[in-house]
Amino acid sequence: MNDTHPPTTAAATAAAEAAERLIAEYRSLPPGSDRKREIITELDANAQALPFLVSVVADAEEYDLARVESTTVLRVRPPADPDLRRRAGRALLTALREPEEDLVRQYAAMSLAPYTSDPLVAMALDSTARADQDPLVRDSARFSIMEAHRLQETGAGGP
């Protein structure tokens, strides 16, 4: 059999199709459906889904547990593309600044380490670690700062 597409192209195509299918299912669900969180988990290792996950984090109207799950994915698998990485960091900052969403804020703070090359992220994280009213958000920001230092020391911090 003579395949004209290298395996990496086929794999990328399959990943894109899987992401599209899951994202379409996600969008068809009612706002508080726990299946949304499950879909985010299924999209975890799919780089094609990262722009969608960024949009979930940034949207205050989204299901909180789906947003929390998305922040976790963005912490563990930050985008390699510099523009998408900047947008992801800014989406996490948007979530961090939502006064009514303590759990989302806590996870957003915990997920900012890979994005501290953006001066706005670094400043907000420092300010949050020192002065946020919620002690869990403060502690999460402190964790992120320590993680950012570790990432810089090991060279794993990305662009």
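Predicted model: local features only at pLDDT ≥ 70, side-chain atom pairs only at ≥ 80, totals over all residues.
Helices are DSSP runs (H or I, at least four residues) numbered from the N terminus.

Residues are numbered from 1 along each chain as its sequence is written, and side-chain values use heavy atoms, with hydrogens and water left out.

Now look at who touches whom, where contact means heavy atoms within 4.5 Å. From H4, the residues Asp64, Leu65, Arg67, Val68, Thr71, Thr72 and Arg75 meet Leu103, Val104, Tyr107, Ala108 and Met110 of H6. Sorted by class, this contact of H4 with H6 has seven nonpolar, two polar and three charged residues. In this sorting, Ala, Val, Leu, Ile, Met, Phe, Trp, Tyr, Cys and Pro count as nonpolar, Asp, Glu, Lys and Arg as charged, and the others, Gly among them, as polar.

Stay with H6 for a moment. Its buried residues (under 20% relative accessible area, with a 1.4 Å probe and protein chains only) are Val104, Arg105, Gln106, Ala108, Ala109 and Met110. These buried residues pack against H4, H5, helix H7 (119-131) and helix H8 (135-154).

H5 leads us to another pair. The axes of helix H3 (residues 50-58) and helix H5 (residues 82-96) come within 8 Å and cross at roughly 20 degrees. That angle makes H3 roughly parallel to H5. Leu50, Pro51, Val54, Val57 and Ala58 of H3 meet Leu84, Arg87, Ala88, Ala91, Leu92, Thr94 and Ala95 of H5. By class, that contact has 10 nonpolar, one polar and one charged residues.

Finally, which rings pair up in this structure? There is one aromatic pair (ring centres within 6.5 Å). Tyr26 and Phe52 sit edge-to-face (planes over 60 degrees apart), at 5.0 Å centre to centre with 85 degrees between the planes. The pair links distant parts of the chain, with Tyr26 in helix H1 (residues 7-28) and Phe52 in helix H3, 26 residues apart. Tyr26 is buried at a relative accessible area of 1%, and Phe52 also counts as buried, at 7%.

Note on methods: Axes fitted to C-alpha atoms, helices over the stretch in contact; angles between N-to-C directions. Helix = DSSP H or I, 4+ residues; strand = E, 2+ residues; numbered from the N terminus. Parallel < 35°, antiparallel > 145°, perpendicular 65-115°, else oblique. Phe/Tyr/Trp six-rings, centres within 6.5 Å; stacked < 30°, edge-to-face > 60°. Buried < 20%, exposed > 50% of the residue type's maximum accessible area, 1.4 Å probe, protein only.
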